[in-house]
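Thanks for coming. I will take a few minutes to walk through one model, and you can follow along on the screen.

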Amino acid sequence: MNTMNKLFTSRLYLVVSEEACRGRDIVNVTEQALKGGVDLVQLREKQLNDDEFVKTTLRLKEILDRYNVPLIVNDNLQVAISSKVHGIHVGNNDISPSRIKSLWPQCNMLGYSIEYLEQLNNSEIEYADYLGISPVFSTPSKIDTVTEWGLEGIRTIRNLTNKPLVAIGRMNESNAYDVIKAGADCLAIVSAICGADDPAKAAEVIRNQIEKAL
């Protein structure tokens with residue numbers, strides 16, 4: 001059975017970057033995705049310096065605020081704080097959730113990637129508002145994968161925690177239903193929306209699969 005908490009009610013989560021948008025404007029691609037049913041957006045930019053990252057973040061935040069959709073930043077606390085976004089997402093090798101909370105008490109949403117089961121016994125889990133199950137299925141874009149969870153991994157984690165679970169890693173319309181049924185609360189999508197010819201339609205199709213599974 002899927003669980004949600006008051007801080008986290010999203011179902012379709014876009015992870016967007018300039019690179020993932022295949023040369024198209026990141027704001028336009030994101031707005032199309034919002035029209036298709038995306039209700040949370042993470043900006044993930046590993047190649048930009050902080051000034052460029054902030055500029056892109058503020059451009060995105062402007063459109064997301066219009067749609068009342070939260071924006072979180074991947075793994076850059078300074079950008080997150082200076083841009084006044086909703087929150088931040090970090091991985092196992094990034095700044096720790098407890099440190100983020102101490103440096104940025106105003107953080108509204110903190111996501112934490114789970115890459116191996118032992119992390120569920122770590123006190124850092126308590127600081128997270130949701131857990132990213134990363135990756136459910138391995139992808140070419142993530143070469144430092146620790147565990148490829150699969151559907152069985154989602155079921156296992158679901159039985160061990162009440163935290164909201166966000167599944168990421170080759171999520172698309174063909175597996176969305178099964179991943180939600182396995183216990184994920186939300187799907188994080190990269191290329192299946194950002195790289196689609198019609199991001200709005202791609203988001204709508206995936207959103208429909210999620211709603212069917214709930």
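I start with C194, which is buried, at 0% relative accessibility. Buried here means under 20% relative accessible area, exposed means over 50%, and partly exposed is in between, with a 1.4 Å probe and protein chains only.

Before going on, the ground rules. This is a predicted model, so local features need pLDDT of at least 70 and side-chain atom pairs count only at pLDDT 80 or more, while totals for chains, interfaces and linings use all residues. Residues are numbered from 1 along each chain as its sequence is written, and side-chain values use heavy atoms, with hydrogens and water left out.

Back to C194. Which cysteine sulfur is closest to the sulfur of C194? That of C21, at 4.7 Å, which is too far for a bond. C21 is also buried, again at 0% relative accessibility. A disulfide is taken as a pair of cysteine sulfur atoms within 2.5 Å, and by this rule the count is zero disulfides.

Now the fold. A closed barrel of eight strands runs β1-β2-β3-β4-β5-β6-β7-β8, with parallel pairing. On average, neighbouring strands of this sheet are turned by 25° against each other, direction ignored. For the terms: helices (H or I, at least four residues) and strands (E, at least two) are DSSP runs numbered from the N terminus, and two strands pair if DSSP finds at least two bridges between them. Axes are lines fitted to C-alpha atoms, for helices over the stretch in contact, and angles run from 0 to 180 degrees between N-to-C directions.

β1, residues 12-16, pairs with β2 in the parallel sense over four bridges, and Y13 has L40 as its bridge partner in β2. Between β1 and β2 the chain passes through helix α1, residues 26-36, in a right-handed β-α-β crossover. Right-handed means that, with the strands pointing away from the viewer, the path from the first strand over the helix to the second runs clockwise. Helix α1 lies across β1 and β2, at about 170° to β1.

β2 itself covers residues 40-43. Which way do its side chains point, and are they buried or exposed? L40 and Q42 point one way, V41 and L43 the other, and all are buried. On to β3, residues 71-74, which pairs with β2 in the parallel sense over three bridges. The bridge partner of Q42 in β3 is I72. β2, helix α2 (residues 50-67) and β3 again make a right-handed β-α-β unit.

Further along, β5 (residues 109-114) and β6 (residues 130-133) pair in the parallel sense over four bridges. There, Y112 stands opposite L131 in β6.

Next, the interior. A nonpolar core here is a set of buried Ala, Val, Leu, Ile, Met, Phe, Trp, Tyr and Cys residues joined through side-chain atoms within 4.5 Å. The largest such core has 60 residues, and L187 and I193 touch the most other members. Apart from it lies another core, of ten residues, including F8, V15, I72 and V166. Contact means heavy atoms within 4.5 Å. Not counting residues up to four places away in sequence, L187 touches several residues, among them Y13, V166, M171, I206 and I210. In soluble globular proteins, nonpolar side chains tend to be buried together.

R24 lies in the loop between β1 and α1 and is partly exposed, with a relative accessible area of 25%. What does R24 touch, leaving out residues up to four places away in sequence? V29, C194, G195, A196, D197 and P199. R24 and G195 are 171 residues apart along the chain, with their C-alpha atoms separated by 9.4 Å.

Last, the backbone. Most residues other than glycine have a negative phi, and most peptide bonds are trans. The peptide bond from S134 to P135 is cis, with omega near -15°, and P135 sits in the loop between β6 and α5. D75, in the loop between β3 and α3, has a positive phi of about 55° although it is not a glycine. D75 is partly exposed, at 25% relative accessibility. K84 also has a positive phi, near 55°. K84 lies in the loop between α3 and β4 and is exposed, with a relative accessible area of 66%.
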